[in-house]
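Trainee: Can we go through the charged pairs in this one? I'd like to take them one at a time.

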Amino acid sequence: MPQQAIVSADRAVGASEWIKGQRENMLSLLADIVNIDSGSFDKPGVARVFRRLEAFFLGQGLQVSPHFVDGVEAAISVTVNAGSTVGRPVLLMGHCDTVFPEGEAARRPFRIEGGRAYGPGVADMKSGIVMNAFLLAALAHSAEPAPEVTGLFTCDEEIGSPLSKSVIEPFARKAGFVFNAEPGRPSGNVVTGRKGGVFFGVEIEGKAAHSGANFAEGISAISELAHKVVALDALTDLDKGVTVNVGLVSGGLSVNTSAPSAKAAIDLRIFDLDQRESLVGRIRCICDKSFIQGTRSTLNITGEFRPFVPTPQSQQLFELYQAELGALGHKAEGEFSGGCADSGVTSSLGAITLCGTGPVGGKFHTTDEYCEVDTIVPRGLAVLHTIARLPHARW
């Protein structure tokens, strides 16, 4: 897509009117960042997305603040209307990382066909990132009274936000309201509740021996792992919304050697923090236990999302958003998701949160992932109009 100049908002033009004329500029910026590989472990790639966003913000006269964790740029933030006394502060959130490997952007560059945009991370969640960026620009250059609004753009949500969580938390504690621009569901729905997730890695040590000549001397770490997998699977309770999935396993040295080592990655999903404490304890017991004498195991938590638990206030926020989106001719219902997101962090710290406010998309994390391009502007307008209503509602 050819580059287009991003025209700064005019103070004589309201934020809403300006956004309405930015569709092509939004798509141009979206093309640029979709065409940058930014897998969660590709920190230089994520940094390149940060720099492209920074160039956009600088073009709007906005200052960008970097946030480093352990020497890594974990996030950037932009604040408009700093110190405003109009209502409570608002946080617009989104992550710049994707699940795709290096080279994916070259293999599947951004394209638009049949009203849908395609490319790695186009819906989850680079279109939401672009939408939030333009909302900040519109608010910054509008003369209309508005709350303080901060945009936070993070680096590693797809792997549980191990670095960016410590950046999100202080912003969440300050914010009265949070709009997390994860993609709108294929139906157009937004997300009003999510499961929490805890991700583990278990490593098992056995003893190598020739499987023919010295079989009895060996201690198979793979066999030990198999016992653990069966026990972990038994923790799943669909009626209670608890799932335990052993999604990755590896181990062994050769087909004719008892396995000296094995490892696995475990995914736990829960509804609330009470379930978390119970299930984490039970998983530890299984992984600490030696089903086969002589094996030793080490369990570590590698990432975690808190659940996004709905509240009466988050329902009220959804209803305000729903009404504003409806006034634009678009429908949305609230939807619970078994997937995790950073909205769990903000809601657990008391910020009134709504998730899935980004443009509508589908088939996330696949090569068929898409974004409905005609939803970018109206979904942005719905957030903008909801922000304008927040100071006048009773909370």
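Mentor: Start with Lys20, which is partly exposed because its relative accessible area is 45%. Here buried means under 20% relative accessible area, exposed over 50%, and partly exposed in between, with a 1.4 Å probe and protein chains only.

Trainee: Before we go on, what sort of model is it, and what are the rules?

Mentor: This is a predicted model: local features need pLDDT of at least 70, side-chain atom pairs count only at pLDDT 80 or more, and totals for chains, interfaces and linings use all residues. Residues are numbered from 1 along each chain as its sequence is written, and side-chain values use heavy atoms, with hydrogens and water left out.

Trainee: Ok. Which side chain does Lys20 meet in a salt bridge?

Mentor: That of Glu17, at 3.0 Å from N to O. A salt bridge here is a side-chain nitrogen of Lys or Arg within 4 Å of a carboxyl oxygen of Asp or Glu. Glu17 is partly exposed, with a relative accessible area of 48%.

Trainee: Where do Lys20 and Glu17 lie?

Mentor: Both are in helix H1 (residues 15-20), three residues apart, about one turn of the helix. Helices (H or I, at least four residues) and strands (E, at least two) are DSSP runs, numbered from the N terminus.

Trainee: How many salt bridges by this rule?

Mentor: The count is 18.

Trainee: What about Glu205 and Arg296?

Mentor: Their side chains form a salt bridge, 3.0 Å from N to O. Glu205 is in strand S9 (residues 196-205) and Arg296 in strand S12 (residues 296-305), so the pair ties together parts 91 residues apart in sequence. Glu205 is partly exposed at 39% relative accessibility, while Arg296 is exposed, at 56% relative accessible area.

Trainee: And Arg276 with Glu304, buried or exposed?

Mentor: Both are buried. Their closest N and O atoms are 2.4 Å apart in a salt bridge. Arg276 belongs to helix H8 (residues 273-288) and Glu304 to strand S12, so this pair links parts 28 residues apart in sequence.

Trainee: Which residues are joined into one network?

Mentor: Arg23, Glu24 and Asp374, through salt bridges that share partners.

Trainee: Switching topic: where is Thr375?

Mentor: Thr375 is in the loop between strand S16 (370-372) and helix H11 (376-389). With a relative accessible area of 10%, Thr375 is buried.

Trainee: What does Thr375 touch?

Mentor: Pro359 and Val360, leaving out residues up to four places away in sequence. Contact means heavy atoms within 4.5 Å.
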